[in-house]
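Morning, everyone. I have one structure to walk through today. Let me put it on the screen.

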Amino acid sequence: MNLLELRNDEVAVIVGLDGGSAFKEKLSFMNIRLNKRIKKVATQPLSGPVIAEIDGRQVVLGRGIAGRILVRR
Amino acid sequence: MTSKERKILLVGNPNVGKSALFSRLTGINVTVSNYPGTTVDVKSGKIKTKKIDAELIDVPGIYSLKATCDAEDVSCRMLDEGNVIVNVVDVTNLERNLYLTLQLLERKVPVIVALNFWDEREHKGISIDAKKLQKILGVPVVPTVAVSGEGINILVGKINDAKRNSRKTKNKWEEIGKIVSRVQTIRHHHHTFFQTLEDFSIKPATGIPLATVVIFLTFMAVRLIGEGLIRFIFNPLFSLYLAPVNLLSQNTGGFLHSVLIGTLINGKVDFLQSMGLLTTGIYVPLAMILPYVFAFYLVLGLLEDSGYLPRLAALVDSVMHRLGMHGLAIIPMMLGAGCNVPGVLATRILETKRQRFIAITLTAIAMPCMAQTAMIYGLLGRYGIRGIGTVFATLFVVWVVVGIILNRMSRGDVPETFLEVVPYRIPILSIVAKKLWVRIRYFSKDAVPYMLLGVFIINMLYFLGIISFLGNLASPIIVQLFGLPREAVAALVVGFFRKDVAVGMLLPLGLSMKQLIIASVVLTMYFPCIATFAVIFKELGIKNTLKSVAIMVGATLAVGGMLNLIL
């Protein structure tokens, strides 16, 4: 499953990043990396972005990016 | 800035308190200048102690050297010029920050690490062994609290001990994992008040009502502070100023009088309507606009430094995407509501040209600056919400519709949102004050001279009869399409220079409410003031500026004509 499918306030572990090395490096700036725990904080309405939390820091992710972050509960 | 001078670079991720540290290290002598050959603002200042005499440069925040240099970013070029690097690390976010640290250590430059926000780790349940980290990294590591100044002297004292390490790390994240597990322990802790607020302000169910309240309070505060300044400071000052002006008025005549003093209204100098350089020319920018610009940037600066704005950006992101921009574009838009000039400059935070074109065009068309807002209130205030509300509602609809059209018609797409939400922090007043000062300088440096020039040129054009000539030319549009009297043409011409004066010129014409609404909307939309135009030209280049202006004029004709039919 991916981050979009996770329910709000649920915590999961990142098991895959669906993209090339530039995509992965960009995500790593926000500590979005394999095996990190990620919490989905909120989903903005009208197909707005997803708010996720990693190591106590929140990050705003467009749905296209969130859908490529694969997680396991 | 001499090339021989020793240069110390302040380098770190965005939002690690670099600016606060910079202020602490340099004191008041800060210059903001363009990096050679670019439009990137670079802050530099002096560090002077017994042992050090160097220039300190605040390098714009970066996450990764590789990504920054691949993108041929200025920050990358700046790194080559430094003699020492002070790597600022957010100690509450050590793991992520160390990535850049390891990259910096690979370079052939001495590095010293500042562990900033040292005071915050306690209530976040984080403990860090700084000594151990220093040993592992092989360069000096100094805990700092930029806000209180704690550790700053030690940091300065150790700059000369900065070490070249040149160590290469193959798998950086693996290495970082090892380092963090050795130096950092995290206890479970209860959510702090700020952390609870973080969730509250970004979840749509609570965040959207909160955002509405915040925006409402922002504008209330701006009004209150602005009005207070005018009533208690500027108006009393200008009533003192009236005496020398009257004296000058009695002792001059002819051309000089009409340029400096302007026309007497009922035999007296009227700061609003006389239209002289020394009367209206300085009264309007100083006593009517400046107080609001000051109030606006004070409140916005507090909002920015509290960390609220990225949350607002997240909440409006989906709407902004439909207008071809990121949620983050709300920041230049809000800045533009103070003065369009810094608003246009702030569009640099948007990463694509397409977004910047849309953001700039929308700011110029539909974002009334404080000057325009003040004058719209001046013109339509007595009609209350029916008058003012119609103008702002129209501008809002224009903003949305033009945005949607531009988004549909421009090639390309808006990149996916990817934005860090900074933690809430209590703003540091000295830094807010500094930022306020820089923005006020933009306004006074760019806006006030153009205002004087505008008044002067208009007086000349009147004198030479050019205004009535232009009036004849433009009257079919003004009279037929917009339903305005021919005399309003002069005001619209003045609007090229300063909208505020232009609106002021409409006052004596005795227009109806409908005409005042149309005039206000048209004046706001058809062209930005000349200062904003100059900045747009600098930012967009000639082709896109012309395109932008064409959109403004086209939209104005359509909207002005429509209002004339509907109202």
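Start with B:M370. Skip its neighbours within four places in sequence, and B:M370 is in contact with B:I289, B:Y292, B:V293, B:F296, B:G338 and B:C339.

Now, where does that residue sit? B:M370 belongs to the largest nonpolar core, which has 128 residues. B:M370 is among the residues with the most contacts inside that core.

As background, nonpolar side chains in soluble globular proteins tend to be buried together.

A word on confidence. This is a predicted model. It scores ipTM 0.93 and pTM 0.85. Chain B averages a pLDDT of 86, and 95% of its residues score at least 70. Among the elements of chain B, strand β8, residues 141-143, has the highest mean pLDDT, 96. Strand β2 of chain B, residues 31-34, has the lowest, 61.

On to the interface. How many residues of each chain are in contact with the other? On chain A, 25 residues; on chain B, 23. Four elements of chain A each supply at least two residues to the side that touches chain B: α1 (21-28), β2 (37-43), β4 (57-61) and α2 (63-66). The largest share comes from β4(A), with five residues. By type, that side of chain A divides into 12 nonpolar, eight polar and five charged residues.

Stay with β4(A). Which strand of chain B does β4(A) join? Strand β10 of chain B, residues 418-421, through four bridges, and the two run antiparallel. As one example, A:Q58 stands opposite B:V421.

Last stop, inside chain A. Strand β1, residues 11-17, is joined to β5(A) by four bridges, again antiparallel. The bridge partner of A:G16 in β5(A) is A:L70. A:L70 lies on the uncovered face of β5(A), with A:R72. A:I69 and A:V71 make up the covered face. Why the every-other-residue pattern? Because side chains in a regular strand alternate between the two faces of the sheet.

That's my tour. Questions are welcome.

Terms used. Residues are numbered from 1 along each chain as its sequence is written. Chains are lettered from A and ligands numbered from 1 in the order in which they are written. This is a predicted model: local features need pLDDT of at least 70, side-chain atom pairs count only at pLDDT 80 or more; totals for chains, interfaces and linings use all residues. pLDDT is the predictor's confidence in each residue, from 0 to 100. A residue is buried if 20 or more other C-beta atoms lie within 10 Å of its own, exposed if 12 or fewer, and partly exposed in between; C-beta atoms are placed from the backbone. Two strands pair if DSSP finds at least two bridges between them. A nonpolar core is a set of buried Ala, Val, Leu, Ile, Met, Phe, Trp, Tyr and Cys residues joined through C-beta atoms within 7 Å. Two residues are in contact if their C-beta atoms, placed from the backbone, lie within 7 Å. Ala, Val, Leu, Ile, Met, Phe, Trp, Tyr, Cys and Pro count as nonpolar, Asp, Glu, Lys and Arg as charged, and the others, Gly among them, as polar.
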